[in-house]
Amino acid sequence: MRKVKIKINGKAITADQGKSVLEVATKEGIDIPALCYHPDLPVKANCRLCLIEIKGKNGLHTACSTTIELGMELQTESPKINQARVTNLELIFAQHCEQCLDCVLFPNCKLLELSKKYGAQCQKFKDRKKNRPVYQFGPSIVFDSRKCIECRNCVDVCKKENIGFFEVEKKGDFHEIVPSKKPDKDCILCGQCITHCPVGAIEAVGEFEDIEKPLKHKGKTVVFQIAPSIRSSIGEDFDMPHGSVVTDQIVGAIKKLGVDYVFDVCVGADYTTTEEAKELKSRIENNTRQQSERAYEHKTERSENKGVLPMFTSCCPSWVKYVEFHHPELIPHLTTARSPHMMSGGVIKTYWAEKENIDPKNIYVVSIMPCTSKKYEITRKEFEFNGIKPVDYVMTTRELAYLLRIKGIDLKKVKPVPADNPIGDPSGAGVIYGASGGVMESALRSAHEMMTGKQLKKLEFKEVRGMRGFKTANIKIGNRKLKVAIANGIANAEKIIQQLKKDPNKYDYIEIMTCFGGCIGGGGQPIPVNDEIRKARAKALYSIDTKKKVRAAHRNPDLIKSYKEYFTNNKIIHHIFHSSFNSKKKTCIKRLL
């Protein structure tokens, strides 16, 4: 890209021609206010706050949609610009019902911050949306259209995910964002709309109203378990640098809430990896070309999946939901191994409960997840055993941060405490589950030894790592080359599906994560988020892995011990560690107001 010289506020800058003014200014540390802009999404220039003046050109221009040209001289602040920003802010407030204390962005609301900076009056105009509806999508998402400023970020990110559930509907002189009524459009509850909404119009179910519910179960043993990715993300909500590793501080903070035990879902990831690697080995050994082809002809039943390839991961509930609604023909290809927190929830309510002599019905398990769709996953009847749910409640990363703040607990000042055993000391493979490619790499480490009988000398599979939305690799395991694919984002998953329709044998093993970058970019994670933040979170997880003594899931000593003591036969292993999937109907959309 050609370098050109420009001036911003009198400062000489060398910039890439063709980049937007907003991108260049941000890189140079020059603040230009913007609400609707997000680097993940197309530029729309809807909020009209990133206004600039260009020498030699009349009027005001939006920095997000203006590209750099040779010799440009720009102003980002002036009486004219600031007055226009005030007017635009006041008009935005006219279509945003303020509920600041009950907001996913509080206390870091950009809209509120800008109103204070420029002296805009929040209530200069009447709220024109006070009678708009509030919707709930399944057990996971709440969309309050009274707060919506119609920036259309939710529409764009939903389209980027290949879902298209949010639509723009014309009503009189105005437009309104609404959930789709079309029978072929369904919300997969991923929460990417939440992390891309600049004004908190979308949040997780119970994000504030039920925040203390898990602490009110007197007479029960309350157990919290923390997901792999939150150890490198939650610190952001306490003004810590992106990628700060705070595993033991999280445990210490949760104990301060009065919780009895805190376990690590990374150990659950070790169980998932072990079972998934065993299943991959079995499928490869039992596969015939005809089995894979039959699956794509809609002829393979759920019970016939023993040798069906490729095998898809199933630990992302939004991906599973997408398959069950849009591609039920792929159900036989989903691994039956449960997701990590459902694994560890099962271990807690069986193996651990027996060791501690606690009735499983008196254990209340709370999972701290980066994911809004996990709230849906725990409602699935397929995961219950003996009428018992492995996990009783899901709290997002943001919810835990909010709970700690209202209880006066500052994560930066908390004394580190290790997680409780025997579900507290994971392998390195369990930790990297939080990043795109991590599930694949974890399984390959174990599958290699299971298939060859030899330990890997080099444990890293760097070809499956990174933020790219679609990655492929050929992995040598013994005398076999395993063809693998990794996708984050459902649009990229759909590309793989279309490839497989043409060639069912193109891949052997496929990892799919709905959220960009994997769980480190999940819908329940701290806001804001972009690729640089995702990279920092992922890098931190890989750094933990390199420092671990045990880096292969199936070699976790606590896991090995549990298989010897409790999970001793295929019947109980299948009962607690595996599940099934079925085609599903459209998610229930409730109108709350």
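**Aromatic rings**

I began with a cluster of rings. Ring pairs link Tyr271, Tyr351, Tyr563, Tyr566, Phe567 and Phe577. I keep in mind that this is a predicted model.

Next I looked up how many aromatic pairs the structure holds. The count is 19. I went through two of them in detail.

I took Phe137 and Phe166 from the list of pairs. Their ring centres are 5.9 Å apart and their planes stand at 65°, so I noted the pair as edge-to-face. The cut-off for that label is over 60 degrees. Phe137 belongs to strand S6 (residues 134-137) and Phe166 to strand S8 (residues 166-171), so this pair ties together parts that are 29 residues apart in sequence.

Then I turned to Tyr261 and Trp352. This pair is also edge-to-face, with 4.8 Å from centre to centre and 75° between the planes. Tyr261 sits in strand S12 (residues 261-264) and Trp352 in helix H10 (residues 340-356), so the pair ties together parts 91 residues apart in sequence. Tyr261 is partly exposed, at 26% relative accessibility. Trp352 is buried, at 1%.

**Charges over rings**

I looked for lysines over ring faces. The charged end of Lys160 sits over the ring of Phe516, 4.7 Å from the ring centre. Lys321 lies over the face of Tyr376, and here the distance to the ring centre is 5.7 Å.

**The parallel sheet**

Four strands make an open sheet with parallel pairing, in the order S12-S11-S14-S15. Which strands stand at the edges? They are S12 and strand S15 (393-396); each has a single partner strand, so one side of each is left without a neighbour in the sheet. Neighbouring strands here are turned by 25° against each other on average, direction ignored.

I then checked the middle of the order. Strand S11 (residues 221-226) and strand S14 (residues 363-369) run parallel and are joined by six bridges. Ile226 stands opposite Ile368 in S14.

Two helices came up here. Helix H6 (residues 247-256) packs on the sheet and touches S11 and S12; its direction makes about 160° with that of S11. Helix H12 (residues 397-406) lies across S14 and S15, at about 80° to S15.

**The mixed sheet**

I moved to a sheet of five strands. It is open, its pairing is mixed, and the order is S2-S1-S5-S3-S4. Strand S2 (11-16) and strand S4 (61-62) are the edge strands, each pairing on one side only. Strand S3 (residues 51-54) and S4 run antiparallel, joined by two bridges. Ile52 has His61 in S4 as its bridge partner. Helix H2 (residues 79-93) packs on this sheet, touching S3 and strand S5 (73-75), and its direction makes about 155° with that of S3.

**From hairpin to crossover**

Strand S16 (residues 470-477) and strand S17 (residues 480-488) pair antiparallel over eight bridges. Ile475 stands opposite Leu482 in S17. What lies between the strands of this hairpin? I found two residues, and Gly478 takes a positive phi near 65°.

S17 has strand S18 (residues 509-513) as a partner as well; these two run parallel, with five bridges. Ala485 faces Ile510 in S18. S17, helix H15 (residues 490-502) and S18 make a β-α-β unit, and I noted its hand as right-handed.

Methods: Residues are numbered from 1 along each chain as its sequence is written. This is a predicted model: local features need pLDDT of at least 70, side-chain atom pairs count only at pLDDT 80 or more; totals for chains, interfaces and linings use all residues. Side-chain values use heavy atoms; hydrogens and water are left out. Two strands pair if DSSP finds at least two bridges between them. Contact means heavy atoms within 4.5 Å. Axes are lines fitted to C-alpha atoms, for helices over the stretch in contact, and angles run from 0 to 180 degrees between N-to-C directions. A crossover is right-handed if, with the strands pointing away from the viewer, the path from the first strand over the helix to the second runs clockwise. Rings of Phe, Tyr and Trp (its six-membered ring) pair if their centres lie within 6.5 Å; planes under 30 degrees apart count as stacked, over 60 as edge-to-face and the rest as tilted. Buried means under 20% relative accessible area, exposed over 50%, partly exposed in between (1.4 Å probe, protein chains only). A charge sits over a ring if NZ of Lys or CZ of Arg is within 6 Å of the ring centre and within 35 degrees of the ring normal.
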